[in-house]
Amino acid sequence: MVESRSFERVLVTGGSGFIGTNLVRWILEHRDWQVVNVDNLSYAGSGGNLDDLEGEPRYRFVRADICDLETLTAVVQESRPDLILHLAAESHVDRSIQAAAPFLRTNVEGTRCVLEAARAIEPAPRVLYCSTDEVYGDLGPDDP
């Protein structure tokens, strides 16, 4: 049986990208949660996407690389999220063909760091990994 949890504090990785920006806005509009957005503002995220939230007491932006385990762990320990929504990913296909290393670093090592940082607090937050077909792979026409 899965126990039900209520959430008050959420940490979003990649919260300044397209999906993350819309998710952060939705949470702030529809939930009474504190939101910490961790993003390194690579090509996929734009600092300007959420500039209008400056001064919003339930929102905080932290510019950091999810592969920086020390910084990420400090952010998790300070913010004590109940839930981590892990959206940070390299997902630009043309870039992945030209250079695979940044994709492996962010998508694999970054995810490991998110999980390690989550384990640094008790109770450990739930972690939900969200991404695109560019990370998970394509579905066939009959795949669910």
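Select Leu 104: this residue is exposed, because its relative accessible area is 54% (over 50% is exposed, under 20% buried, and in between partly exposed, with a 1.4 Å probe and protein chains only). Leu 104 sits in helix H4, residues 101–118 (helices, H or I, of at least four residues and strands, E, of at least two are DSSP runs numbered from the N terminus). Glu 90 is 14 residues away from Leu 104 in sequence, and their C-alpha atoms are 8.5 Å apart.

The model is predicted: local features need pLDDT of at least 70, side-chain atom pairs count only at pLDDT 80 or more, and totals for chains, interfaces and linings use all residues. Residues are numbered from 1 along each chain as its sequence is written, and side-chain values use heavy atoms, leaving out hydrogens and water.

Next, select Phe 7 and Trp 33. Their ring centres are 5.7 Å apart and their planes lie at 85 degrees, so the pair is edge-to-face (centres within 6.5 Å make a pair, using the six-membered ring of Trp; planes under 30 degrees apart are stacked, over 60 edge-to-face, the rest tilted). Phe 7 precedes strand E1 (9–13), while Trp 33 is in the loop between helix H1 (18–30) and strand E2 (34–39). Phe 7 is partly exposed at 21%; Trp 33 is buried at 14%.

Then go to Leu 11, Val 38 and Leu 72, which have the most contacts inside the largest nonpolar core, a set of 16 residues (buried Ala, Val, Leu, Ile, Met, Phe, Trp, Tyr and Cys joined through side-chain atoms within 4.5 Å). H4 gives the most to this core, with four residues.
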